[in-house]
Amino acid sequence: MTTKHTHASHGADRNPAIMLAATQLNIVTIIDVAGAVRTDTLENNAALLDNSGSSTGKGTSDLRTYCQQGQALNWLVYCMDQQKRPDGTWPPFARISNIVFLHDDGTARSNQLCINLKVYGGPDAMRSPWTPVYYYWAGMLRPDLEPGIYKYRLIIECSTEDPDKKKYFELDGPSLEVVAMDQANAA
């Protein structure tokens with residue numbers, strides 16, 4: 001006997017054909033690096049957005065990205081202060097150092113949710129106002145991944161004014177709401 005999962009409380013009235021128009025989804029974490037380093041927390045210093053039409057919690061750290069089996073996901077970081085300073089130095093920046101998928105109790109999952117989940121792009125050796133992101137994570141959700149809600153933790157590395165010191169923060173609020181490919185393709 002097979003069980004069909006429904007998400008009545010999670011937007012069953014959405015039209016997936018409209019809401020999942022993008023082949024790839026971009027999940028962007030906006031960080032106030034100076035604020036995070038000063039207060040030693042990402043609380044009130046980080047917000048997440050994505051380009052999925054049916055996601056919830058946009059602009060908060062509790063983003064739930066609506067996506068489908070087999071979809072490519074790109075996790076990017078955008079630092080609020082990216083402008084070169086008058087003295088020619090750059091402000092501290094942030095990057096994702098790891099993405100950990102979680103069980104409901106907050107422990108790490110050992111099973112693989114994404115294929116080829118890894119870092120893409122080069123190191124942030126030079127910054128430019130025309131190309132704000134040089135370093136990002138990407139992966140493709142397994143096509144056979146069971147539909148459901150998958151929580152994850154972003155491990156964020158922030159540089160500081162001292163080039164020899166870095167701070168690490170954990171952001172546990174985001175999740176993926178994965179729907180079946182056939183549900184997403186239904187008109």
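Within the largest nonpolar core, which has 32 residues, W75, Y152, L154 and L176 touch the most other members, and strand β8 supplies the largest share of this core, with five residues. The model described here is a predicted one. The structure contains four aromatic pairs, and W75, F101 and Y152 are linked through ring pairs into a cluster.

**The W75–Y152 pair**

- The ring centres of W75 and Y152 lie 5.7 Å apart with the planes at 80°, and because planes over 60 degrees apart count as edge-to-face, this pair is classed as edge-to-face.
- This pair joins distant parts of the chain, since W75 sits in strand β4 (residues 72-79) and Y152 in strand β8 (residues 148-159), 77 residues apart.

**The F101–Y152 pair**

- The rings of F101 and Y152 have centres 5.8 Å apart and planes at 55°, so this pair is tilted.
- Here too distant parts of the chain are linked, with F101 in strand β5 (residues 94-102) and Y152 in strand β8, 51 residues apart.

**Burial of the cluster**

- W75 and Y152 are both buried, and the relative accessible area of Y152 is 0%.
- F101 has a relative accessible area of 9%, and because buried means under 20%, F101 is buried as well.
- In soluble globular proteins, nonpolar side chains tend to be buried together.

**Contacts of W75**

- When residues up to four places away in sequence are not counted, W75 touches I27, I96, I99, F101, C114, L117, Y136, W137, G139, Y152 and L154.

Technical notes
Residues are numbered from 1 along each chain as its sequence is written. This is a predicted model: local features need pLDDT of at least 70, side-chain atom pairs count only at pLDDT 80 or more; totals for chains, interfaces and linings use all residues. Side-chain values use heavy atoms; hydrogens and water are left out. Rings of Phe, Tyr and Trp (its six-membered ring) pair if their centres lie within 6.5 Å; planes under 30 degrees apart count as stacked, over 60 as edge-to-face and the rest as tilted. Helices (H or I, at least four residues) and strands (E, at least two) are DSSP runs, numbered from the N terminus. Buried means under 20% relative accessible area, exposed over 50%, partly exposed in between (1.4 Å probe, protein chains only). A nonpolar core is a set of buried Ala, Val, Leu, Ile, Met, Phe, Trp, Tyr and Cys residues joined through side-chain atoms within 4.5 Å. Contact means heavy atoms within 4.5 Å.
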